[in-house]
Amino acid sequence: MKIIPVILLIVISITIFAQPKVSEENMNKSQHKNFVPEWAKSAIWYQIFPDRFRNGDKNNEPTLESIKGSYPHDYISPWNLHPWESDWYKLQPYEVATGKNIWSNIQRRRYGGDLQGIIDKLDYLQELGINAIYLNPIFQSPSLHKYDGATYHHVDPYFGPDPEKDLELMKTETPHDPKTWVWTEADKLFLQLVKEVHKRGMKIIIDGVFNHMGINSWAFKDVLEKQEKSLYKDWFKIISFEDKKKGTKFDYKGWWGVKELPELNQDENGITENPKKYIFDITKRWMDPADNGDLSQGIDGWRLDVAFMVKHNFWKDWRKQVKSINPNAYMTAEIIDSIKVNIPYLSGDEFDAVMNYNFAFSCTDFFINKNGRISVEKFDKELATLRNAYPECVAYVQQNLFDSHDTNRLLSHIVNNNIEKFRNWGAYFNISKAENPNYDTRKPDAEEYNLQKLMAIFQMTYLGAPMIYYGDEVGMWGANDPCCRKPMVWDDITYDDEVTMPDQTKKPQVDKVAVNHDVLDHYKKLIKIRNSNIALQLGDFKTVLMDNEKGLYGFVREYNDNKVLVVINNYFKANKVELTMDNCNQGVDLLNNETVSIKDDKINFEIPAKWGIIIKLN
């Protein structure tokens, strides 16, 4: 999502904060139902925001012309490609010349991230251990976030090698007719990215934004020009057309009032016939680009933006189409809501998974919150509720995230641990922005980095598919949108210190910006442990230790002869642990590189404060 209007946030926060009880019927759903792709159970996801990941091609940079149609609609003030390495809150000379504040200027920034940059860093992701990539929108759009698509059937020309050539080629098409569609250089480069991803044994999914398009979309521009005579007049939720005789002006419904995002028309079955056909056509284009059944050339699935805004019948029909093209395609939805609301989406005829914000809410309540921290037993109960709410297969493919492009980064969340409950989504979304003068934008300290590492231990060993937001693995920090979308930190770039506050005053300290290799090595090790132990991917889950007083939480993951014990010490002091482990005579602590002895079925060890242990049992 680009932004979330306040009224929507209030509705969502009420439904999430007041989690309903899950019925006995849903808690005991048939466990044999398996409708998710098997590969997704072993996925470790990495989310990439394309403009901010890597600039791999200096010859395709965005221009002032290319951002026309995007907020804040300032095409007169000075504009330049923004320096990748610059102090985030410092206004550059071209920005100072606008006379506007940081928040207006940040929306005009483009950093030049592109597809070539992603291709160039696939080896980095492979070395990290990533095997599944989720890309935020890549289709043509004037905005930095690209949730206001101008087309769905073309990659943004400025993500490819030859924007001018692509833009001219696209003019030869009849946009709603796939028989006239061409393959631009940007499209071809994206298919090359898919090929390179698959060559490395990885999967890739992309963002589908089917609730709305942008004001630059060919269909909407035609309606704007021709009004009631437009071929596409039934594509959008038109309130009134311009009619001098009737005294009416052109008006339409934007997504929650955001006029840059005109909503696609819906009836009782969801998106109406003509835009629905377009969506189905582009679905086939990106899943089977050669139109020959060679699925290796196409994407492996979709993430669906604001899926709750589109009626269920559309998703049911769309799933049938997706699965008819590729039965092993993965479909995950952005639905930030209660279990009760999620259930219809996750019953086997719509989505395989959701971005698991409820996982993030519970982890925040247990690991981060200084005030109102939940007990070990409550944490375990909430996790069990989430695992058992849907068919068993769903739990294994849920995208278990701590943050995303729509939240403050995990480390800044840890720094600002008392501002509001994360689960109270509406209030938290706004208060976690740097516009809030009480939000602390500083770099995390050593203790806060260590808490991130503890949470990563849990994320990489728990049931479900871990998802990393780009840059968390190198220690990036940032407030909520737009500050969670800073340029990726790379070793081969020297970054300016962060010394500037949002109001352009100086910080009380200098914050050095560089790869945190300690955090990076920790993520690499954890991912290697997960990838090397099938129990952590496909194994069952059994709680074996809950100690509220000492903050100890232990569980066993087991799959065939692979058995792993994980114990988390969420306490400010070291703790000694003794557990009974039947039919085991030795253990190896994979995280801390130690052998653990087991005598008479008793295993004993000590865990440092705010740390964990991952024992492979023999």
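Q: Why is strand S19 (residues 562-569) described as largely enclosed by the rest of the structure?
A: Eight of the eight residues of S19 are buried, so the rest of the structure largely encloses the strand. Buried means under 20% relative accessible area, with exposed over 50% and partly exposed in between (1.4 Å probe, protein chains only). Strands (E, at least two residues) and helices (H or I, at least four) are DSSP runs, numbered from the N terminus. This is a predicted model: local features need pLDDT of at least 70, side-chain atom pairs count only at pLDDT 80 or more, and totals for chains, interfaces and linings use all residues. Residues are numbered from 1 along each chain as its sequence is written, and side-chain values use heavy atoms, without hydrogens and water.

Q: Which residues of S19 lie on each side?
A: In a regular strand, side chains alternate between the two faces of the sheet. Here Asn 562, Val 564, Val 566 and Ile 568 are on one side. Lys 563, Leu 565, Val 567 and Asn 569 are on the other. Both faces are covered.

Q: Which strands pair with S19?
A: Two strands pair if DSSP finds at least two bridges between them. Strand S18 (residues 552-559) pairs antiparallel with S19 over eight bridges; Val 556 has Leu 565 as its bridge partner. The two form a hairpin with two residues between them, and Asn 560 in the turn has a positive phi of about 50°. Strand S24 (residues 611-617) also pairs antiparallel with S19, over seven bridges. There, Trp 611 is the bridge partner of Asn 569.
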